[in-house]
Amino acid sequence: MHQPAITGTGVFTPSQIITNDELVVAFNAYVDLFNAEHADAIAAGDIPAKTHSNADFIFAASGIEQRYVLDKEGVLDPTRMFPRFRERADDEPSLMAEIAVKAATTALEQAGRTAGDVDAVICAASNMERAYPAMAVEIQQLLGIEGFAFDMNVACSSATFGIQQAADMIRSGSARSVLMVNPEITSGHLEWRDRDCHFIFGDVCTAVLIERAEDATGIRFDIVDTRLLTQFSSNIRNNNGFLRRTRPYGVEDRRDMQFMQEGRKVFKQVVPIVATLMTAHLADNGIAPEDLKRMWLHQANKSMNDLIGKKVMGREPTRDEQPNILQDYANTSSAGSIIAFSKHSDDFEPGDLGVICSFGAGYSVGSVIVRCAGA
């Protein structure tokens, strides 16, 4: 059995930013257009009038101040309210593969590796740009990696689930080095016209290189242990799928074909599930909460993370112990915890312990305990 280790990470951040103020101006303009267009139906009580959003509400509800997106113009168009991407020919790189290559290149450079050192690619994300061929195989081809590749989707937990798959390959000897990428174009599945969630998501791509510890050429984080859990719930859901056109009214603009959630139920149900799993995972590895230097949690909601951290630590965690990046990036689905890890791990010294934890639709939870092993 070989010891798996994280030896490199990469983050691709789009160049365009939407602030809360900008988003609110566009959303409120959309609301005014909608209410004017449906004035008679609203007056008759057939449909409710839509209400304005505001930046204070967004920050209080989420802790988010801005988000990065691949197309700002389409999202902020009150007559559209979703991104506008150029349709690419089949012989062009897909958008997801393009941003995955950028993040992957950074991860390989950090690890001191080239494509020739990688045996496998996992594309783990909440949505795939197409059904087949697998996004991972395209990414593999663009990078010039030999071996094999596959896609996987466990929504916001895709990255931690992907790390376990990679770690298991390393342990068993089926691969020496695995590249795990998370191209999250969440602006495409968000319903920007829904006041309850129009501010939640942003675009990004992360990448993690996992290889045998003995092969590492620089700083590495040994994967001490991983733990996964799933429990079915419809409280976070997107009903879009390949059978859509086979059903009555299936191709119409329906609300359930974008991201939907029962936010209060999710908060109430997910927090104890995550805290219980993390606490048990640490205990089973003989690690006390106070032994942790840092927790890199899924970046969905600041209040949720604060409560999870408090339950795990038995006290309020410090900003250093539990860094947040969602104020800048918003919720980036599976990539959030990896952004936090990538940006807040440079100060680790040999022996320092941390936990990468993600959670989301499914419900799904993934916990990865790491120990810095130095160079």
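1. In this predicted model, buried residues account for 53% of the 375 residues in the chain. The accessible surface of the chain amounts to about 16500 Å², and carbon and sulfur atoms contribute 49% of that area.

2. As to secondary structure, the chain comprises eleven helices and 13 strands. Its radius of gyration is 21 Å, close to the 21 Å that the globule rule gives for 375 residues, so the chain is as compact as a globular protein of that length. The C-alpha trace spans about 70 × 55 × 35 Å along its principal axes.

3. Of the contacts between residues at least 6 apart in sequence, 76% join residues at least 24 apart.

4. T160 is located in helix α7, which covers residues 158-172. T160 has a relative accessible area of 0%; the residue is therefore buried, the cut-off being under 20%.

5. The side chain of T160 has two polar partners to note. A polar atom of this side chain lies 3.1 Å from the backbone oxygen of S157. The side chain of T160 also makes a polar contact with the side chain of S358, at 2.5 Å.

6. With neighbours within four places in sequence set aside, T160 is in contact with L228, I356, C357, S358, G366 and V368.

Technical notes: Residues numbered from 1 in each chain as written. Predicted model: local features only at pLDDT ≥ 70, side-chain atom pairs only at ≥ 80, totals over all residues. Heavy atoms only, no water. Helix = DSSP H or I, 4+ residues; strand = E, 2+ residues; numbered from the N terminus. Rg over C-alpha atoms; globule rule 2.2 N^0.38 Å. Buried < 20%, exposed > 50% of the residue type's maximum accessible area, 1.4 Å probe, protein only. Contact = heavy atoms within 4.5 Å. Areas by Shrake-Rupley, 256 points an atom, 1.4 Å probe, with all protein chains shown as cover. Polar contact = N/O pair within 3.5 Å; in protein donor to acceptor, adjacent residues only side chain to side chain.
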